[in-house]
Amino acid sequence: MRLSFVMLLFPVMLLIIPVLIGVYVYSDARNRNMNAVLWALIAVFAPSLIGFIIYLLVRSSHSNLKCPKCKASVTEQYAVCPNCGTKLKAVCSSCGIPVEQEWKVCPNCAQPLPEYQMDCTPPVRAKDKNLGKILAAIIIVPVLFIIIAVLSFGAYDSSGAASMMSASYTSEEYLEMMENPEVDRWWEECQKKKAYQEGENTAYVLRYYSFLDHEEEKDFNTTCYAIYIPSVGAESNISVDYSGTFKKTMDLRFTSGGKKEAAIHCITSKSDDSLTLKLYRDEKEINYEILDVPFPTEPVESEEER
């Protein structure tokens, strides 16, 4: 399921950036009186953002100034708006060329200029608030996809083939198969606790671990669980699911049904020592007590081996 989600998300994320770039370039090119359709196509379909980079370089030669009165496009050289006649820049009273407010002398005719010309309204530049968002999206979207892919594939890989390594036995069959004193003591304690608690809402779990190089160090790469849930018989359906990435969780879901004789359910899982176990009976999570014991001399049989 997670793998399918990532594969579906991949083309969606691949389309997000070109669409955002195309919309931005089209809008910006229109404001600068450029060929908006042509530049949008170049920006979208040129590989590796080359078209977008070229557009950003070329657009600097096209003004995005607007007349403050009618919003028509104007340039730095316009003294008046050609659309409505609004005076945009100060002019020399002698030769009529546009001059800057801070100039003291006309550079064309050397005529002294007045200190202030109050009858002009300079053009306004359209604020470009979207370029920063586009650049941020170009960086964030691929990084976000990589993070989602890593998390999803990490959770997917953690599942392994553990769901296939399951088997259920009656208590008599399991105890006879194991012939282990520790297992016998565990079973006796389970029966005492069950009788004392006078309820069936607690499960009892036996977790087998092994040693690495005879050192006192647990190896959870392969972990076997023997699970006893009162009122869940040997014919119960079992489903296994894995979730999480940094702290993986194995969800075991048991469905009540069949004979109600005492049964022990065996699960063999491959995971690291961050694995957390969750038990569900009829879709309701139940508490459990867990006991760690050394790996038995006789391994727990899988369903394939039976």
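This is a predicted model: local features need pLDDT of at least 70, side-chain atom pairs count only at pLDDT 80 or more; totals for chains, interfaces and linings use all residues.
**Entry 1. Salt bridges**

I began with the charged pairs. How many salt bridges does a search of the whole structure find? The search returned five. I looked up three of them in detail.

I took Asp28 and Arg32 to start. Their side chains meet in a salt bridge, with 3.0 Å from N to O. Is Asp28 buried or exposed? Asp28 is buried, because its relative accessibility is 8% and the limit for buried is under 20%. Arg32 is buried too, with a relative accessible area of 10%.

Then I turned to Arg59. Its side chain also meets that of Asp28 in a salt bridge, here at 3.1 Å from N to O. I checked where the two partners sit. Asp28 is in helix H1, residues 2-31, and Arg59 is in the loop between helix H3 (50-58) and strand E1 (65-66), so this pair ties together parts that are 31 residues apart in sequence. Arg59 is buried, at 11% relative accessible area.

I noted the three residues as one group. Asp28, Arg32 and Arg59 are linked in a network of salt bridges. Asp28 takes part in the bridge to Arg32 and in the bridge to Arg59.

**Entry 2. Glu283 and its partner**

Next I looked up Glu283. Its side chain meets that of Arg253 in a salt bridge, at 3.2 Å from N to O. This pair links distant parts of the chain, 30 residues apart. Arg253 belongs to strand E10, residues 249-255. Glu283 sits in the loop between strand E12 (276-281) and strand E13 (284-294).

I compared the cover on each side. Glu283 counts as exposed, at 59% relative accessibility. Arg253 counts as partly exposed, at 24%.

I also checked the backbone here. Glu283 has a positive phi of about 70°, although it is not a glycine. I noted the background: most residues other than glycine have a negative phi.

**Entry 3. Aromatic pairs**

I moved on to the rings. How many aromatic pairs does the count come to? The count comes to six. I followed up two.

Tyr169 and Tyr174 form a tilted pair, with 6.3 Å from centre to centre and 40° between the planes. I looked up how covered each one is. Tyr169 is buried, with a relative accessible area of 4%. Tyr174 is buried as well, and its relative accessible area is 0%.

Trp186 and Trp187 gave me the other pair. Their ring centres are 6.3 Å apart and their planes stand at 55°, so this pair is tilted. Trp187 counts as buried at 11%.

Ring pairs link Trp186, Trp187, Tyr204 and Tyr228 into a cluster.

**Entry 4. A negative patch**

I went on to the surface. Which residues gather in a patch of negative charge? They are Glu172, Glu173, Glu176 and Glu179.

I looked up two of the members. Glu172 is found in helix H5, residues 171-178. It counts as exposed, with 56% relative accessibility. Glu179 lies in the loop between H5 and helix H6 (181-197). Glu179 is exposed, at 66% relative accessible area.

Glu179 also went on my phi list. Its phi is positive, about 50°, although it is not a glycine. Glu179 and Glu283 are both on that list, and each sits in a loop.

**Entry 5. A nonpolar patch**

Ile139, Ile140, Val143, Leu144 and Ile147 form a nonpolar patch on the surface. Together they have about 460 Å² of accessible area.

Is Ile139 buried or exposed? Ile139 counts as exposed, because its relative accessibility is 57% and the limit for exposed is over 50%.

Note on methods
Residues are numbered from 1 along each chain as its sequence is written. Side-chain values use heavy atoms; hydrogens and water are left out. Patches are made of residues with over 30% relative accessible area and no salt bridge: like charges are joined within 9 Å, nonpolar side chains (Val, Leu, Ile, Met, Phe, Trp, Tyr) within 5 Å. Accessible areas come from the Shrake-Rupley method with a 1.4 Å probe; for residues, only the protein chains shown count as cover. A salt bridge is a side-chain nitrogen of Lys or Arg within 4 Å of a carboxyl oxygen of Asp or Glu. Lys and Arg count as positive and Asp and Glu as negative; His and the chain ends are not counted. The place of a charge is taken as NZ of Lys, CZ of Arg, CG of Asp or CD of Glu. Helices (H or I, at least four residues) and strands (E, at least two) are DSSP runs, numbered from the N terminus. Buried means under 20% relative accessible area, exposed over 50%, partly exposed in between (1.4 Å probe, protein chains only). Rings of Phe, Tyr and Trp (its six-membered ring) pair if their centres lie within 6.5 Å; planes under 30 degrees apart count as stacked, over 60 as edge-to-face and the rest as tilted.
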